[in-house]
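Q: I would like to learn how to read packing features from a model. Please take me through them one at a time.

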Amino acid sequence: MTATDRSLELINTAAQAAADKLAHDVIAYDVSDVLSITDAFLLASAPNDRQVRAIVDEIEERLQKELGAKPVRREGDRESRWILLDYVDIVVHVQHSEERVFYALERLWKDCPELELPEEARATRGKAEEHAQLHADEAGDEPGQER
């Protein structure tokens, strides 16, 4: 079984929306062979809570306006460290960069096929590392070093 055309349409629109709001490391996996509850996961991250919320809001708005899709569930709004949007066909995870590293969802789903995303979304790969390095250089620290 593979992700449906509708799932791919949702994933691509959501990935583009995330990239437009400067998300980091946008990636999608076809999980339809291992999960019966959804076809695909989209993962994205941001360096702060406000940007996590902005990315989620843009994804939600774009999917509603362009594809008429509303999430059946939205979780994690209170802390905005990890917000999940469940569209049944796809599940979107937008995480604060620290949560993304800690929970390492990519490691869990690495055996699932990666889905092709729009160019702008693919261009976000490595942005979290670049951001961390830039801020470490500004502070005179090594990336990941405690102050």
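Q: How many residues has the largest nonpolar core, and which have the most contacts inside it?
A: A nonpolar core is a set of buried Ala, Val, Leu, Ile, Met, Phe, Trp, Tyr and Cys residues joined through side-chain atoms within 4.5 Å. Buried means under 20% relative accessible area, exposed over 50%, partly exposed in between (1.4 Å probe, protein chains only). Here the largest core has 30 residues. Ile11, Val26, Leu42, Ile59, Leu63, Val92 and Leu117 have the most contacts inside it.

Q: What should I know about the source of the values?
A: This is a predicted model: local features need pLDDT of at least 70, side-chain atom pairs count only at pLDDT 80 or more, and totals for chains, interfaces and linings use all residues. Residues are numbered from 1 along each chain as its sequence is written, and side-chain values use heavy atoms, leaving out hydrogens and water.

Q: What is Ile11 in contact with, leaving aside neighbours within four places in sequence?
A: Contact means heavy atoms within 4.5 Å. Ile11 is in contact with Ala28, Ala40, Phe41, Leu42, Ile90, Leu115 and Leu117.

Q: How are two packed helices described?
A: By the angle between their axes and the distance between the axes. Axes are lines fitted to C-alpha atoms, for helices over the stretch in contact; angles run from 0 to 180 degrees between N-to-C directions. Helix α1 (residues 5–20) and helix α2 (residues 49–67) pack at about 135 degrees, with axes 8 Å apart. α1 and α2 are therefore oblique to each other. Angles under 35 degrees count as roughly parallel, over 145 as roughly antiparallel, 65 to 115 as roughly perpendicular and the rest as oblique.

Q: Where does Tyr87 lie, and is Tyr87 buried or exposed?
A: Tyr87 lies in the loop between β4 and β5. Tyr87 counts as buried because its relative accessibility is 5%. Not counting residues up to four places away in sequence, Tyr87 touches Ile59, Glu60, Leu63, Ala69, Lys70 and Pro71.

Q: What is phi of Val88?
A: Near 70 degrees, a positive value in a residue other than glycine. Val88 is in the loop between β4 and β5. Its relative accessible area is 42%, so Val88 is partly exposed.

Note on methods:
Helices (H or I, at least four residues) and strands (E, at least two) are DSSP runs, numbered from the N terminus.
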